[in-house]
Amino acid sequence: LATLPGFRRRGLAMRLLGAALAAAAEVGARRVYLEVAADDPAAIGLYRAAGFEELGRRPRYYRRVGEASGDALVLGRALAAPAPSPDG
């Protein structure tokens, strides 16, 4: 997920994430995983606020031009089963 700098801190990323998690649950996903740069506290905070937990680390996962490689944190969370539809 990414938001333009001028639109950050308005809840847009959380809404996008919520929509993605709801869509995943609707098609039967029970768990989701993602990687996030270990040096991105804003993104880590977003995912933790959404219930993600750290499961591991991928050393030197992000290759950056002119910079040292960055680690990725592997995060995951369970999804609630969607409510059954009234039609069955």
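This is a predicted model: local features need pLDDT of at least 70, side-chain atom pairs count only at pLDDT 80 or more; totals for chains, interfaces and linings use all residues.

Trainee: Which residues touch the most other members of the largest nonpolar core?

Mentor: Leu17, Val36, Tyr47, Phe52 and Leu75 do, in a core of 17 residues.

Trainee: Which elements give two or more residues to this core?

Mentor: Helix 1 (12-26), strand 1 (31-37), helix 2 (41-49) and strand 3 (70-78). Helix 1 gives the most, with five residues.

Trainee: Why would such residues sit together?

Mentor: In soluble globular proteins, nonpolar side chains tend to be buried together.

Trainee: What does Val36 touch?

Mentor: Leaving out residues up to four places away in sequence, its contacts include Ala43, Ile44, Tyr47 and Leu75. Asp71 and Tyr62 are also among them.

Trainee: Now rings. How many aromatic pairs are there in the whole structure?

Mentor: Two. Take Tyr47 and Phe52: their ring centres are 5.7 Å apart and their planes meet at 70°.

Trainee: Why is that pair called edge-to-face?

Mentor: Planes over 60 degrees apart count as edge-to-face, so the 70° between Tyr47 and Phe52 qualifies.

Trainee: Is Phe52 buried or exposed?

Mentor: Buried, at 4% relative accessibility. Tyr47 is buried too, at 9%.

Trainee: And the other pair?

Mentor: That one is Tyr61 with Tyr62, edge-to-face, with 5.0 Å between centres and 90° between planes. Tyr61 is partly exposed at 40%, and Tyr62 is partly exposed at 25%.

Trainee: New topic. How do strand 1 and strand 3 pair?

Mentor: In the antiparallel sense, over seven bridges. Arg31 stands opposite Ala78 in strand 3.

Trainee: What about strand 2 and strand 3?

Mentor: Strand 2 (residues 53-62) pairs with strand 3 in the antiparallel sense, over six bridges. Gly56 stands opposite Val74 there.

Trainee: How many salt bridges turn up in the whole structure?

Mentor: Four. One of them joins the side chains of Arg64 and Asp39, at 2.9 Å from N to O.

Trainee: Where do Arg64 and Asp39 lie?

Mentor: Arg64 is in the loop between strand 2 and strand 3, and Asp39 is in the loop between strand 1 and helix 2. So the pair ties together parts 25 residues apart in sequence.

Trainee: Which residue forms a salt bridge with Asp71?

Mentor: Arg57, with the closest N and O atoms 3.1 Å apart. This pair links strand 3, which holds Asp71, to strand 2, which holds Arg57, 14 residues apart.

Notes: Residues are numbered from 1 along each chain as its sequence is written. Side-chain values use heavy atoms; hydrogens and water are left out. Rings of Phe, Tyr and Trp (its six-membered ring) pair if their centres lie within 6.5 Å; planes under 30 degrees apart count as stacked, over 60 as edge-to-face and the rest as tilted. Buried means under 20% relative accessible area, exposed over 50%, partly exposed in between (1.4 Å probe, protein chains only). A nonpolar core is a set of buried Ala, Val, Leu, Ile, Met, Phe, Trp, Tyr and Cys residues joined through side-chain atoms within 4.5 Å. Helices (H or I, at least four residues) and strands (E, at least two) are DSSP runs, numbered from the N terminus. Contact means heavy atoms within 4.5 Å. Two strands pair if DSSP finds at least two bridges between them.
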